[in-house]
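Me: Hi! I'd like to go through a structure with you, a bit at a time. Ready when you are.

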Amino acid sequence: MDKVVSPARAVADIPDGATLAVGGFGLCGIPSTLIDALAGSGATGLRVVSNNCGVDDWGLGLLLRAGRIARMTSSYVGENKEFARQYLSGELEVELTPQGTLAERLRAGGSGIPAFFTPAGVGTQVEEGGLPWRYAADGSVALASPPKEVREFGGRRHLLEEAISTDFALVRAAVADRHGNCVFHAAARNFNPLCAMAGRITLVEAERIVEPGELPPDAVHLPGVYVDRVVAAGPAEKRIERRTVRPAAPEEN
């Protein structure tokens, strides 16, 4: 089955209030073509699961700046000033989750596992509850995280974490064939396959689309069974999340 469609058609049925798993790791592997198409579709009140929320002027930051995201589940959000402003002013609900836990919650959701136990977060507010999910306009906590169930395995305490599955997933691959089999490059492989698995309807944008049979089976990172739509995307924009440089060395005479 040929799954290649236009970006606008790929996102056309994403409704207001939809839940989305969005790939990307820092600024690597962000499905920017699909995000741009979604920005043009008008869908709002979105509830997004993603490792981070892009930066102020790119990636999910575009939807955030337009007020289209109602809730974020993330592990790292430190490079987006607008994110911080909306969260602290009570405009945005935020569930912060340890990075490995977030990855496993997505993988479990895609594998049909409803929940699992992990030692990550034991003895912290992740276990005890009370992390601010949403602030009120006056700065008080309007909604806090609940305490988690704890069980002991092998003499060590573990927290119960629920799996994540979403209405849609937006993913970026380096290469995909027309049946949806995907290959990811380097760090883009960290969250994109997991988000693809967690989505009930998965949209993949690919820098290069090849014909079925061109990808060696051993090279496939994500089987096409997880993918519903494929979109052609141009080469990825190479953004630097935090530029760090050394002072120029003094010139020798």
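Me: How do strand 10 and strand 11 run, parallel or antiparallel?
Reply: They run antiparallel, and two bridges join strand 10 to strand 11. Strands here are DSSP runs of E with at least two residues, and helices are runs of H or I with at least four, numbered from the N terminus. Two strands count as paired if DSSP finds at least two bridges between them.

Me: Before we go on, what kind of model is this?
Reply: This is a predicted model, where local features need pLDDT of at least 70 and side-chain atom pairs count only at pLDDT 80 or more, while totals for chains, interfaces and linings use all residues. Residues are numbered from 1 along each chain as its sequence is written, and side-chain values use heavy atoms, with hydrogens and water left out.

Me: Thanks! Which residue stands opposite Val-175?
Reply: That's Val-183, in strand 11. In the hairpin of strand 10 and strand 11, four residues lie between the strands, and Gly-180 takes a positive phi near 95°.

Me: What about strand 12, how many bridges join strand 10 to it?
Reply: 10 bridges, and strand 10 and strand 12 (residues 199-210) run parallel. One of the partners is Val-210 in strand 12, bridged to Asp-177. Strand 10 also pairs with strand 1 (residues 19-22), in the parallel sense over three bridges. There, Leu-20 has Phe-168 of strand 10 as its bridge partner.

Me: And is strand 10 mostly covered or mostly uncovered?
Reply: Mostly covered: 11 of the 12 residues in strand 10 (166-177) are buried. Buried means under 20% relative accessible area, exposed over 50%, and partly exposed in between, using a 1.4 Å probe and protein chains only.

Me: New topic. Where is Ala-187?
Reply: Ala-187 is in the loop between strand 11 (182-183) and helix 7 (192-198). Its relative accessibility is 26%, so Ala-187 counts as partly exposed.

Me: What is Ala-187 in contact with, beyond its neighbours within four places in sequence?
Reply: Phe-25 and Cys-28, where contact means heavy atoms within 4.5 Å.
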